[in-house]
Amino acid sequence: MTAIFTDVKGFSTISEALGDPAKLVSLLNKYLSAMSDVVLDEKGTIDKYEGDAIIAFFGAPLEMSDHALRACVSAIKMKKIETELNKVIMEQNLSPIPLLTRIGINTGFMVAGNMGTANKMNYTIMGNAVNLSARLEGVNKQYGTWILASHETVRETGDVLLYRKLDRVRVVGINEPVRLCELIDIAETACENDKKRVLIFHEALDHFEKRNWKLAAEGFRDALSFKPQDDEPAKMYLERSEKYIITPPEDTWDGVFNLTSK
């Protein structure tokens with residue numbers, strides 16, 4: 001199955017600025033309705049809402065062979081709908097700032113079913129693969145990304161998505177390294193500039209992982225030129241490459257980064 005976790009950037013600040021709980025509920029209902037409709041349209045199951053966060057999964061109660069693709073497509077659609085939704089929110093002065101969603105997606109073995117007590121049950125999912133999905137949502141903060149999926153998820157989607165590979169990391173509480181993948185768009189409808197940017201970035205990443213720091217820096221600089229202000233991963237890799245030109249990591253470094261915060 002595939003699990004998806006979402007969270008709104010800085011929602012506590014938005015909540016504090018609004019002050020009135022009724023206004024907060026109105027804003028949340030508008031936001032959660034739009035996002036949830038995307039999941040439901042893709043045949044996903046809403047597990048629960050935790051404030052502004054949505055937990056959903058694909059592959060239960062009915063099995064589906066394309067659960068990973070449906071989850072990824074949902075995330076991409078969410079970000080596109082978010083843009084239009086924020087226009088309305090800002091025009092109607094419903095929030096002091098736009099609502100920007102971070103999303104984590106992971107695929108793996110999970111248990112789905114009624115869990116809780118004899119008096120109170122919830123149809124939900126559990127398992128290490130679920131935990132990793134939640135962790136990936138938080139990892140977006142460290143990479144300046146909005147949608148992170150595991151390579152396990154992306155591998156099951158074929159050639160449908162435009163995405164770029166990032167680090168292999170160990171997230172907090174999970175020892176097995178995972179390859180991060182940033183979802184960008186549906187490949188068929190993606191703009192040519194995004195396709196070129198991803199191609200150049202992947203070539204630079206290949207140099208980076210082979211310890212060819214100068215070639216990596218040149219590649220990341222080229223990738224950054226497409227979106228100089230908005231491409232945080234390219235900025236990060238360029239800084240790393242320039243740093244490693246001067247002071248390379250130990251020869252024993254395996255290319256895996258250990259993340260220390262959620």
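S74 is found in helix α3; helices here are DSSP runs of H or I with at least four residues, strands are runs of E with at least two, and both are numbered from the N terminus. At 0% relative accessibility, S74 is buried (buried is under 20% relative accessible area, exposed is over 50%, partly exposed lies in between; 1.4 Å probe, protein chains only). Leaving aside neighbours within four places in sequence, S74 touches V38, V39, E42 and F58, where contact means heavy atoms within 4.5 Å.

The model is predicted: local features need pLDDT of at least 70, side-chain atom pairs count only at pLDDT 80 or more, and totals for chains, interfaces and linings use all residues. Residues are numbered from 1 along each chain as its sequence is written, and side-chain values use heavy atoms, without hydrogens or water.

**Salt bridges**

The structure holds 21 salt bridges, each a side-chain nitrogen of Lys or Arg within 4 Å of a carboxyl oxygen of Asp or Glu. Helix α3 (residues 67–91) contains both E82 and K79, three residues apart, about one helical turn. Their closest N and O atoms are 2.8 Å apart. E82 is buried at 4%. K79 is also buried, at 16%.

K195 and E192 pair as well, at 3.6 Å from N to O. Both lie in helix α6 (residues 192–209), again about one turn apart. K195 is partly exposed at 30%. D206 and K210 meet at 3.3 Å. D206 is partly exposed at 37%, whereas K210 is exposed at 53%.

A network of salt bridges links R164, E182, D194, R197, K227 and D231.

**Pockets**

A pocket is an open set of points on a 1 Å grid over the protein atoms alone, where a 1.4 Å probe fits, with protein on both sides within 12 Å along at least five of seven lines; lining residues have an atom within 4 Å of a point. Volume is the space filled by probe spheres set on the points, which are joined across faces, edges and corners.

| Pocket | Volume | Lining residues nearest the centre |
|---|---|---|
| Largest | about 600 Å³ | W146, E182, I184, R197, K227 |

The largest pocket is lined by 21 residues. Helix α3 gives the most, with five. The lining has seven nonpolar, three polar and eleven charged residues (Ala, Val, Leu, Ile, Met, Phe, Trp, Tyr, Cys and Pro are nonpolar; Asp, Glu, Lys and Arg are charged; the others, Gly among them, are polar).

α4 (128–143) gives the most, with three.
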